[in-house]
Structure formats: C-alpha cells, structure tokens
Amino acid sequence: MSPCLRVSEPLCAKLSRKREELRTQRLRDTEARSFAARDDLGTSDDVQHSPHGCYACAARRIDDTGDPDDCRSARVFYGATDGADPRRNHAPVCPRCGRDGPATAAGPGFRPILWHRGHIGAYEAYWILHRSKGDTTTSAEFQRIFDPINTPRDDARNLPPLDEIDAYLADVRRQSVSWLSEPGGAADTATFDLVLEHELQHQETMLYLLHLLDPSRKRRPDGLVDRERPDLAATNGRVRVPAGSFEIGASGPGFGYDNERPAHRVEVRSFGIDRTLVTNAQFMGFVDSGGYTTPEYWTDKGWAWLESENIEHPHSWLPGRRWRVRGLFEDREMDPSEPVWGVSWYEADAYARWAGRRLPTEIEWEFAARGTGSRVYPWGSAEPKPNLGNFDDPTGGPTPVGGYPDGVSPFGLLDMTGNVWEWTSTEFAGYPGFRADPYPEYSELWFDGDHRVARGGSWATRSPILRTSFRNFFRRAFRIGFIGFRLAD
Ligand SMILES: [Fe+2]
C-alpha cells in the first residue's frame, strides 16, 4: 500500500524534490525564539505536569525532516483511514467530561482541559498558517488566550465555550490542510510533523488532567468498552544484560528532538534488570512496612518533599478499608498485578532503596530496550500494533504487567513500550555534543539538576512518539503522570 494514502503521487514527487531544500532550512530567527519563550511554562507551577505538556511547543529539528516520501504528516493531517487521525483521541475528551469538567482546572496550578484544547489550535495556527504560509489573519484573540505566557493561569479560567473552540480548531485544520495542498505547504513536512508531535503530546497531558478530575465531574462515554486485557505472561524475575555497546539516541532522518541527538555509541557494563514493572502488590509491601515513614529510604530532598506534601501513598491510590485506584472515569478496586504509577521520582527511588536495589540509568534502559542493533522499538522496527504493547489507547488504563509478549525486548523485558512511563535514575541533560535546536527553550532550559528522565511511554501515548529514543523528563516531585518504574542492580 502506498504510504501516501490520500496524498497524490505528484504531491509526493514535489515533497521529494524539496527534500534537500528542507534539510538546510532553519527556524532560528527572532520570531521563532520569541514564540518558544512565550510558550514555555518553565517559570510557572504548571510544570507540575508533564514538561511536554507545553515544552513541546518548541520546534523540533527542522533539518532532519524525515523521508518526505513517507508522507506521514500529510497522511495524518488528511485524516487518513488507517487510524492515524490525531483528533480521534482528544476530540471526544471534553464531551466526556461533565458539563463543567473541561472548563474547570483540576486543581491549583493546572489549566483546564479546555485551555489545552484551544492551545493545540493556536499552536497549529502559529506554525502552519503564520510561519509556514505567512498568513497572520487567524484569530488574534485566540492566539492570546491560548498562549501560556500572554494568558496567565488564572485568566485561563475564563475561556470561550467548547463549541467556539472546536469551530476554531476545525477552521485552523481546514486552512492547514488547504495549505498542504499548495506547493509551499507540501514542501514543509517538517512543520507538519512538529505540529503533529505537539498535538499528540498535549493529548496525553489532557488525559492527565482528565484523570485528576473527581469522577463526579466527568462521565464515561456511552458504549465505551474497556480494551480486552491480555493474558498474563510469565513475568517475574530479572535478567542479566551482558556488557556491550550500542548507539543511544535518534539517528537517521526520522523525527527526533534535539535532546535525542546526537546519537552516539556508549559502552554498557553488565547489569541486572527486572523483566517487568513494579506492581501495585509489590509497592504495597513498601507502604505496609513503613516505607513512607522511614527516612532512611529517602534522599534528603525526597524526605523534605514527602514531609512538606504529606505524601503517604501513590497519587493513583485511594485509601479506605481496601486500597482502590482512580481510573480515568471512575474509581475501582486495585488490581495488584497492574504496575504502580502516580509516583514521583522520589518515591520510586525510595522504593528501590527499600528493596535493596536501584533505578536503571537511561543508558541501561535504552540498551535493555533495543539491544545492540538499530531497532526503533523493543520488538524491532515494525510500526506499533495493539498486540505489541499497551499504548495508543486514550480511553484505557494500565494493564497487568508483562501482558504483551509479542513486544518483548531483545533481552526479554516486557512493557518497555507503553503501559506506564518508567523513571530512570538519570538527570536530564544533553548528550555529548548537544546543540540546542532550534532554540534552548525546548530542552536545554531544563538541564537544571531537578528533572529526571522517564522512558517508554504509557497506555495513553500515541504511537508516532513511541520511538525508543524518546526522552521524557519531569521534575522529581512530579507525580500526576502515568509513570511507574522497574528496578535494576
Ligand atoms: Fe504546547
């Protein structure tokens, strides 16, 4: 099947001819830098949630445009029938909320889901219509409202109604697709990829926020049936990964943020690592044995954080006669075989100390995920499919660990892609030779000693951003994301 789907062959030919031209293109002008600064949330407490909630607003590398013949951007923006339409995820998110849910912040420091929805459109309008097409006639008011700097968090409570926002999104998308059909737009696949990546990352952020809402403020959509849960594979146990070397990071022409580059060869010493994620049942042992009341398991900063925040259990757990968990739409009994999540890096690190083990470094994690070869995913380079892991499922949730043996890594590890993100011990920093591209606000600003790297993706992560080289990064105290961990030694 032609990868271009609805894109005509002549259009693909045009894309190919523009390839070299695109490789030399840069978005380094003053305007681009200004936009990055305006869209950055680094100085706000909104950074309690995923940095990619808005750090993703920064542009990706523009000189590595991918293979235009793949026509991925065009395919997605045209709403292809292969399930790649990015709107199929977040479009129903707001209607699933109760009447006031999407317009109400889940708590202090968080913008409403509705704001993120409008922000996706404003971002698309800026990068595709304004910067790529040169059309600055789109709604200045929406550009202001959905700009995180121009509209402080408190002002984000007074938003246009959902219908107006959706009309704006549809209009921007219509104009974007129209621009794509013109030669100038067709050549600019890099910008389309950038906008796609941004939208997909905001979708997961919106799900974090939707999950935070009390069940009384949202409703399960009619007819939604939970995804079939996989049979539990042989799960427990750890593997010994032999010493070796491999190329870490994003190489080749495909999508990759500046923090994934340059790819470089690293040596890895032999290490042990669990085949599966730490489960609720395992984490309960830590809770029941006084893990949250024993300073010896915690770093000084972690203990100070725990005391100041009165943390006593994972964010996703609900205390009672028996532990329950908060699902996306309703509370339910805890499944002990599911991975624990809703834990900060501090909590993951404390658990590891309690267990007499440690978190893997991100080098160890990526080596365990892809082995010595150049595979894009743990299972190889085939595109993500539902049998390979728990991802790309925006109405789902975590599944029992180790349930997708078809997605096993070269060293026998399971759930390395999807289910929940995985904390690593590694402080977020640039790879050797790192060059901020196109500007430092995307990654470099967060090389601050506090952020830690998380890898692997969650059940809510969309497949275009599941590449093994992807580096997520969060503050150590961040705990509302779909993030768990596995242990190493
Ligand atoms: Fe953003």
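Predicted model: local features only at pLDDT ≥ 70, side-chain atom pairs only at ≥ 80, totals over all residues.
In what order do the 3 strands of the open sheet stand? The order is β5-β6-β7, and the pairing is antiparallel.

Strands of a sheet pair through backbone hydrogen bonds, either parallel or antiparallel. Here β5 and β6 (residues 324-326) pair in the antiparallel sense, over 2 bridges. Within that pairing, Leu318 stands opposite Arg324 in β6.

Now step back to the whole chain. There are 15 helices and 11 strands. The chain has 489 residues, and buried residues make up 50% of them.

Start with α7 (residues 113-133) and α9 (residues 162-180). They pack at an angle of about 25°, and their axes are 9 Å apart. Angles under 35 degrees count as roughly parallel, so α7 is roughly parallel to α9. Their crossing is left-handed.

Which residues of α7 and α9 meet? From α7 come Leu114, Arg117, Gly118, Ile120, Gly121, Glu124, Ala125, Ile128, Leu129, Ser132 and Lys133. From α9 come Leu162, Ile165, Tyr168, Leu169, Val172, Gln175, Ser176 and Trp179. By class, the residues of this contact between α7 and α9 are 11 nonpolar, 5 polar and 3 charged.

The second pair is α13 (residues 300-309) with α14 (residues 345-354). Their packing angle is about 120°, with the axes 10 Å apart. An angle of 65 to 115 degrees would count as roughly perpendicular, and one over 145 as roughly antiparallel. α13 passes α14 in a left-handed crossing.

The residues in this contact can be listed briefly. Gly302, Trp305 and Leu306 of α13 make the contact with Tyr346, Asp349 and Ala350 of α14. By class, the contact of α13 with α14 has 4 nonpolar residues, 1 polar and 1 charged.

Terms used: Residues numbered from 1 in each chain as written. Axes fitted to C-alpha atoms, helices over the stretch in contact; angles between N-to-C directions. Helix = DSSP H or I, 4+ residues; strand = E, 2+ residues; numbered from the N terminus. Left-handed = near helix turned anticlockwise from the far one by under 90°. Contact = placed C-beta atoms within 7 Å. Nonpolar A, V, L, I, M, F, W, Y, C, P; charged D, E, K, R; others polar. Buried ≥ 20, exposed ≤ 12 C-beta atoms within 10 Å, placed from the backbone. Pairing = 2+ DSSP bridges.
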